[in-house]
Amino acid sequence: MTPLRQRMIEDLQLRGYADRTIEAYVRSVAQLAQFYHAAPDQLTEEQLRAYLLQLTTVQQVARGTQTIALCGIKFFYKETLGREWTVLDVARPKGEKKLPVVLSREEVWRILDVVRIAVYRVCLTTIYACGLRLLEGARLQVADVDSARMVVHVHGKGKQDRYVPLPAPILPGLRAYWRTHRSPQWLFPAPTRRGLRHSLAHNGGPVTDSSLQSAFHRAVLKSGLVKRAHVHTLRHSYATHLLEAGVNLRIIQDALGHRSARTTQIYTHLTCEIRAALTDPLNQLMQDL
């Protein structure tokens with residue numbers, strides 16, 4: 001590791017950035033250096049401008065990719081190197097408004113019913129039932145489940161912990177699955193080719209995010225659904241279903257761990273009631289066509 005990279009990492013750590021964010025920001029600067037085959041502190045503002053245009057107009061990377069690249073590069077030049085370049089304030093990702101894919105209740109159970117391996121099925125069910133992010137569900141520990149209070153202690157993104165309700169019908173399934181492995185730490189220990197016992201004996205850790213994604217993808221294909229659903233779709237569906245059941249938006253915001261209510265408000269566009277408010281009058285207007 002070069003002293004420059006080490007300094008950037010330390011600057012990010014001092015600012016309290018999460019490990020995954022640090023990894024992404026450092027990678028964005030490394031990609032810039034690889035593009036020019038030069039140390040990033042030796043590049044000019046014009047070279048940086050050309051690189052950002054390359055991402056936008058030539059490679060046409062996704063908005064999320066562009067945002068991470070810009071944030072990482074901006075932090076490096078402004079905070080680590082102390083350079084106040086105009087291009088860092090001018091560059092902005094193109095705005096867009098995309099609504100997330102949402103599954104109906106029936107579609108959720110249709111997918112979960114065809115997940116073959118128990119650890120994936122129970123973990124994915126818990127992710128939906130508690131509205132968790134993928135890694136929040138995968139890394140749940142036995143001590144995180146408080147059956148006396150019927151809540152789950154979630155270690156959220158950005159080291160923001162929260163408690164979420166544990167639906168009563170989910171608890172028996174969690175207990176039954178735990179009895180199959182009895183891990184003292186992980187609720188969903190990672191299975192290996194040598195079996196779960198081997199994984200536990202050699203500290204195999206929790207189930208991986210990639211294996212969960214793969215299991216969910218296989219289940220979506222097997223279920224016959226054509227929606228482009230991912231594990232995070234379960235979280236979107238959870239929030240939308242709660243809204244449809246009449247749960248207050250502020251309560252849903254807390255359960256999801258959103259800092260801003262604006263993030264949660266996107267689900268108001270997805271509920272059956274909102275669609276019906278337009279669809280029913282529209283059907284009446286068009287009934288004579």
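A residue is called buried here when its relative accessible area is under 20%, exposed when that area is over 50%, and partly exposed in between (1.4 Å probe, protein chains only). The model is predicted, so to speak of local features a pLDDT of at least 70 is needed, side-chain atom pairs count only at pLDDT 80 or more, and totals for chains, interfaces and linings use all residues. Residues are numbered from 1 along each chain as its sequence is written, and side-chain values use heavy atoms, with hydrogens and water left out.

Of the 289 residues in the chain, 39% count as buried. The secondary structure comprises 15 helices and 3 strands, taken as DSSP runs numbered from the N terminus (helices H or I, at least four residues; strands E, at least two).

Now to the charged pairs. A salt bridge requires a side-chain nitrogen of Lys or Arg within 4 Å of a carboxyl oxygen of Asp or Glu, and the chain has 9 of them. In one, Glu-107 pairs with Lys-227, with 2.8 Å between the closest N and O atoms. Glu-107 belongs to helix α6 (residues 105-112) and Lys-227 to the loop between α11 (209-223) and α12 (231-244), so this bridge ties together parts 120 residues apart in sequence. Lys-227 is partly exposed, at 32% relative accessible area.

Glu-23 and Arg-27 form another salt bridge, their closest N and O atoms lying 3.2 Å apart. Both sit in helix α2 (residues 19-36), 4 residues and about one helical turn apart. Arg-27 is partly exposed, at 41% relative accessibility.
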